[in-house]
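Morning, everyone. I will take a few minutes on the charged side-chain pairs in this one; please look at the structure as I go.

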Amino acid sequence: MPLADVQAKIDAACDTAGRQPQDVELIAVSKVQPNDRVVAILDEGHRICGENKVQEAAGKWPDFRTRYKGIKLHLIGPLQTNKARQAMELADAIHTLDRPKLAKTLARLAQEQGRCPDLFVQVNTGEEPQKSGILPMEADAFIAEVRALDLPLQGLMCIPPVDEEPSLHFALLAKVAERNGLTGLSMGMSGDFERAIALGATHIRVGSAIFGERVYS
Ligand SMILES: *Cc1c(COP(=O)(O)O)cnc(C)c1O
């Protein structure tokens with residue numbers, strides 16, 4: 001689906017929800033996609049992209065940044081502490097802050113580098129053992145801890161369980177954000193971004209609907 005069609009669906013979802021399209025940032029998730037597909041949307045003028053692996057991001061985005069001005073790169077995948085330094089150098093935003101050790105490492109690196117990407121705390125709304133993210137019942141305390149470290153916390157992120165109605169998870173995430181005074185909500189992917197917009201998403205992460213299916217080799 002061309003980018004313009006996805007944008008039209010975003011506009012329609014905003015209209016239904018009584019929201020402004022400029023309040024919903026479209027992160028084009030380019031992981032695993034061939035470079036020519038990424039170049040196509042950069043040529044169309046899109047600048048906000050997402051990757052979920054630090055190594056893959058490091059392999060392609062420094063080069064894209066030299067060729068296109070104004071790129072904003074969001075890291076949306078699980079982040080190992082030993083990749084934090086590289087992640088901070090590469091990214092404009094990190095959506096997957098999910099544990100105290102990582103928060104402390106990011107705080108130390110932010111001091112050292114004098115800058116820090118925008119941060120989102122990932123909440124494991126479905127309490128799935130294999131998924132990263134802080135548990136909902138631990139979220140308030142962790143958010144307070146992140147704030148005490150003076151980190152630039154923008155909001156919360158979630159990835160709902162594949163076999164459940166995502167709206168329940170989006171609503172839960174919005175509730176945790178609201179009671180903590182956070183305005184950023186990173187939620188919604190190709191299959192459910194319209195429902196996420198209805199529940200207040202400020203950042204949607206859309207891959208296959210823009211680029212086509214990912215082909216893993
Ligand atoms: C891959 C990925 C997406 C995009 O998924 P699509 O279904 O292709 O839109 C969104 N969020 C995260 C965290 C991802 O890893």
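**Salt bridges**

I start with D140 and R179, whose side chains meet in a salt bridge at 2.9 Å, N to O. The pair ties together parts that are 39 residues apart in sequence, because D140 lies in helix α6 (residues 136–148) and R179 in helix α7 (residues 166–179). Helices here are DSSP runs of H or I with at least four residues, strands are runs of E with at least two, and both are numbered from the N terminus.

A salt bridge means a side-chain nitrogen of Lys or Arg within 4 Å of a carboxyl oxygen of Asp or Glu. How many salt bridges does this rule give? The count comes to nine.

This is a predicted model, so local features need pLDDT of at least 70 and side-chain atom pairs count only at pLDDT 80 or more, while totals for chains, interfaces and linings use all residues. Residues are numbered from 1 along each chain as its sequence is written, and side-chain values use heavy atoms, with hydrogens and water left out.

Now accessibility. Buried is under 20% relative accessible area, exposed is over 50%, and partly exposed is in between, with a 1.4 Å probe and protein chains only. D140 is partly exposed at 31%, and R179 is partly exposed at 47%.

Next, E165 and R195 form a salt bridge through their side chains, 3.1 Å from N to O. E165 sits in the loop between β6 (153–157) and α7, and R195 in helix α8 (residues 193–198), 30 residues apart. E165 is partly exposed at 36%, and R195 is partly exposed at 34%.

Lastly, E128 pairs with K131 in a salt bridge at 2.8 Å, N to O. E128 is buried, at 14%.
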